There are 2 protein chains.
Amino acid sequence: MKNRYLRALKRQPVDRTPIWIMRQAGRYLPEYREVRKQAGDFLSLCKNPELACLVTLQPLERFDLDAAIIFSDILTIPDAMGLGLTLEEGVGPRFNSPLRTVADIRKLPEVDAETQLSYVMQAIAMARHELADRVPLIGFSGSPWTLATYMVEGGSSKEFRYVKGMMHDQPDSADLLMQKLTRSVTDYLCAQVAAGAQSLMIFDTWGGVLAEPDYVRFSLEPMTRIVQNLKSRQVASNIPITLFTKGGGNWLEMIATSGCDAVGLDWTVSLASARSRVGHLVALQGNMDPTVLYASEDKVASEAIRILDDYGEGDGHVFNLGHGIHPGIEPDRVRVLVDTVHRESIR
Amino acid sequence: MKNRYLRALKRQPVDRTPIWIMRQAGRYLPEYREVRKQAGDFLSLCKNPELACLVTLQPLERFDLDAAIIFSDILTIPDAMGLGLTLEEGVGPRFNSPLRTVADIRKLPEVDAETQLSYVMQAIAMARHELADRVPLIGFSGSPWTLATYMVEGGSSKEFRYVKGMMHDQPDSADLLMQKLTRSVTDYLCAQVAAGAQSLMIFDTWGGVLAEPDYVRFSLEPMTRIVQNLKSRQVASNIPITLFTKGGGNWLEMIATSGCDAVGLDWTVSLASARSRVGHLVALQGNMDPTVLYASEDKVASEAIRILDDYGEGDGHVFNLGHGIHPGIEPDRVRVLVDTVHRESIR
C-alpha cells in the first residue's frame, strides 16, 4: 500500500509529501456529475453504497492521490436522529424539524450507527475492498458543534443566532446536545473503523465562529472526548485522527493537545508558524487556498511549492487544500497540483 | 470632552474603560429606521449630510457611549469612482460596473475626496458641531483590499473568485488597483480629519479570507502605507488610527507593527493572549460576539465582565463588539452592555 499518508500522520519519514483533497470525490468531476444524475439527489447518492463507493474511487482513477475519503455527508447523524434532512442544490442543507427547545433536545434519540447508518459502513467496506490496499481510506464525521449549528438553525447560517442563543441562554441544553452528539459521533467513527476506515477526520467547519471560551466548551471539549474515547477503544486505538477547525488558527496549541494525531489548517495560517507552535505534538494537514485552483497551471504549481517551502524540510506534512475543492474547478488543475507536490517533495 | 476613548487609544490612564459599538447608528434603533424611511434608501441617507449627522447622534442620546462614529458606508469611494453603487435591503451592495480587466483598472479615476465626497465631510463637520465636544468623532474607510473585493466581485461574495483570480493571475493589476485605492483612501481619511474627525478606523472586513502572503501584500501593506502617509501629513499626524482585520487573529504582530495606534479584534481572539502578543505596541479594541446581545440581560452583563477580565488591569482597552451590531438587537441590551462596562471598569 502507498502508505505515505498514514506515515506522515505519525510524523514518520516519507519518500514524498502525501496529498489528498477535501471533497476530492465531488462536483468538479464530470464522472461524478454523471453518477449523481443517476442517483437523483445528493442524499440518495450518499445512501446508495454501490454508488457512494464508485464516486469515492473516481478521483483515484484520475490523480495520483495518497488517500481516498469515503463519499458521504457530515449531516448523516442528524438525519439518522430523525430531523428530516434535505439537500438541495443552491439551497444547502435543510432540516424539517430543527431543535429549538430543551424538550427537543431531551427527546433527541442517540444513533445506533451500525444499523441506522449501515449504508455508510457498507460503502466503506466496499471501497476498502475495491481499493485493494492501493491507498488508505479515510472515514469522517462533522464535529458535535458543527452538527449542532445545522440542527438548531435548521440549515446553513450566517449569524448562528439560534444555536448561539441556546449556548448563551441555555448552556445546559447546549451541553446536553453536545453530550448526545459526542456519544453518537464516537460510535459512528468507531463503526467506520470496524467497517474498514484506516484514518479518521473530524470536520469542525463552524468552530471558528465562536469566542474562545465558547469554542473550548462547545466545540473543542466534545472533540477531545471523541478522540480520547476512540483512542481507548481497541478497534480504533491505532487509527490516526485529524481535527480540522476552520478558522481555528488562534487555538492551535489547544487543538494539538486534544490527543489527535494531526491538525487540519485553513489557508489563513502560515504552516511555518503552525509548525513552530505545534509541530512537536502533531502532524499538519493543509493548506492551499482552494481558489488558487481557478488560477493558471503555473500559479497552481508555484503556490504548491510555496506551501511545501512554508512547511519546510522534514516529515509530518499532509498536503491538502485549506477547505473543500470548489465545484467550478477544472479537474486538470488538480493533476498539476498533485504532480507538483509529489515532484517537488522528493526526499 | 469625555476623552476616555482617545486616551485609551494612546494607552493613557482612564477612569473607566471606554465603549462604542460598531454600527451603533443603525437599523436596530427605531429612530434610525424612521429617518431611513424618510431618506428613501441607505445610500440617500449617507449622501444627505443633515440626516447622516442626525443618525450619527442618535445612539448618543440613548446610551452613555464614549465616541460617535460618522454615519456612512465603506463603499463611498468606489461609488465616487463611478462604479454605480446600489444598496438594496437583503441583497447587499451591488456595483453596476465591476472591475474585471487591466483596462478597467487602468482607467479607474482616483477620487478627489474633498469635492466628490463632500457630503461625508459636511456630515462630519455638522456632527462635530452638534457633538460640541461631548465625545470624540470617529471617521472611517474600508481598507483597499476590502473595497477591491466589492469592486471586482460586483458585490458581496463567499468565494471571492474574481478578485482572488486577479490577485493570483494578474498580481500587477491587483497591485495597481491597491495603489489607486491606497491614495484615494489616504486622501479621504485626511479630508475627514480636516472636516473634524478626531480618530480614524480602517475596516478590513475581508482581509481574513486571504492566505498569509496574500494578506501581507494586498491588504496589510496598503493599510500600512495609508497609516504612514497619514502620520506624515501634518493635519493627521496626531490622530489615532485603528486597524481592524476581521479574522486577522493570526497576524496581530504584523498588524501591530504597521504604525497604527490600535488593533480591532473580532471575538475569536482572546484579549489576554492578544495583549500579551501586541499590547506593548498598540491599544486593543473589542471584542464581544455580537450575538451575545440576543441573549438575556444577565448574560450580556456577565459576558461584558468576562471580556473586561480577559483584558485585565491597566489601560489601552476600548470595549466594542467584535463586528457590527445586528439589526435585530433589542436597544435595551446595548444599554445594559454600556452601563456594565462603565460600572465594572471603574479604576
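**Surroundings of a glutamine**

Modeller: In this predicted model, A:Q285 touches A:W20, A:M22, A:M201, A:T242, A:V263, A:G264, A:L265, A:V318 and A:N320, leaving aside residues up to four places away in sequence.

Colleague: Is A:Q285 buried or exposed?

Modeller: A:Q285 is found in strand 8 of chain A, which covers residues 283–288. Residues under 20% relative accessible area count as buried. The relative accessible area of A:Q285 is 1%, so this residue is buried.

Colleague: With which side chain does the side chain of A:Q285 make a polar contact?

Modeller: A:W20 is among the residues that A:Q285 touches. The two side chains make a polar contact at 3.2 Å, and the partner of A:Q285 is therefore, with pairs of N or O atoms within 3.5 Å counting as polar contacts, the side chain of A:W20.

Colleague: What is the omega of the cis peptide bond from B:G286 to B:N287?

Modeller: B:N287 lies in strand 8 of chain B, residues 283–288. The peptide bond that joins B:G286 to B:N287 is cis, and its omega is near -5°.

Colleague: What is the phi of B:R23, and is that residue buried or exposed?

Modeller: Most residues other than glycine have a negative phi. B:R23 is found in the loop between helix 1 and helix 2 of chain B, and its phi is positive, near 60°. With a relative accessible area of 52%, B:R23 is exposed.

Colleague: Where does B:R11 lie, given that its phi is also a positive value in a residue other than glycine?

Modeller: The phi of B:R11 is near 60°, and B:R11 is partly exposed, with a relative accessible area of 37%. B:R11 lies in the loop between helix 1 (4–9) and helix 2 (30–39) of chain B.

Colleague: Which residue forms a salt bridge with B:D15?

Modeller: B:D15 sits in the loop between helix 1 and helix 2 of chain B, and its partner lies in helix 1 of chain B, 11 residues apart from it. The closest N and O atoms are 2.8 Å apart, and the partner is B:R4.

Colleague: How far apart in sequence are the parts that B:R217 and B:D175 tie together?

Modeller: The side chains of B:R217 and B:D175 meet in a salt bridge, at 2.6 Å from N to O. B:R217 lies in helix 12 of chain B and B:D175 in helix 11 of chain B, so the pair ties together parts whose separation in sequence is 42 residues.

Colleague: How many of the residues of helix 11 of chain B are buried?

Modeller: Helix 11 of chain B runs over residues 171–195 and reaches 35 Å from its first C-alpha to its last, close to the 36 Å expected at 1.5 Å a residue. Just after this helix, B:G196 takes a positive phi of about 135°. Helix 11 is largely enclosed by the rest of the structure, because its buried residues number 18 of the 25.

Colleague: What area is buried between chain B and chain A?

Modeller: The size of an interface is often given as the accessible area lost when the parts come together. The contact takes 28 residues from chain B and 28 residues from chain A. Carbon and sulfur atoms give 49% of the area buried between the two chains, which is about 2,500 Å².

Colleague: Which residue of chain B meets the side chain of A:K164 in a salt bridge?

Modeller: The rule finds two salt bridges across the interface of chain B and chain A. In one of them the N to O distance is 2.8 Å, and the residue that meets A:K164 is B:D289.

Colleague: Which helix gives the largest share of the side of chain B that touches chain A?

Modeller: The elements that give two or more residues to this side are helix 10 (161–169), helix 12 (212–232) and helix 15 (297–311) of chain B. The largest share is four residues, and it comes from helix 10 of chain B.

Terms used. Residues numbered from 1 in each chain as written. Chains lettered and ligands numbered in written order. Predicted model: local features only at pLDDT ≥ 70, side-chain atom pairs only at ≥ 80, totals over all residues. Heavy atoms only, no water. Expected span 1.5 Å × (residues − 1). Buried < 20%, exposed > 50% of the residue type's maximum accessible area, 1.4 Å probe, protein only. Contact = heavy atoms within 4.5 Å. Buried area = accessible area lost by both parts, 1.4 Å probe. Salt bridge = Lys/Arg side-chain N within 4 Å of Asp/Glu carboxyl O. Polar contact = N/O pair within 3.5 Å; in protein donor to acceptor, adjacent residues only side chain to side chain.
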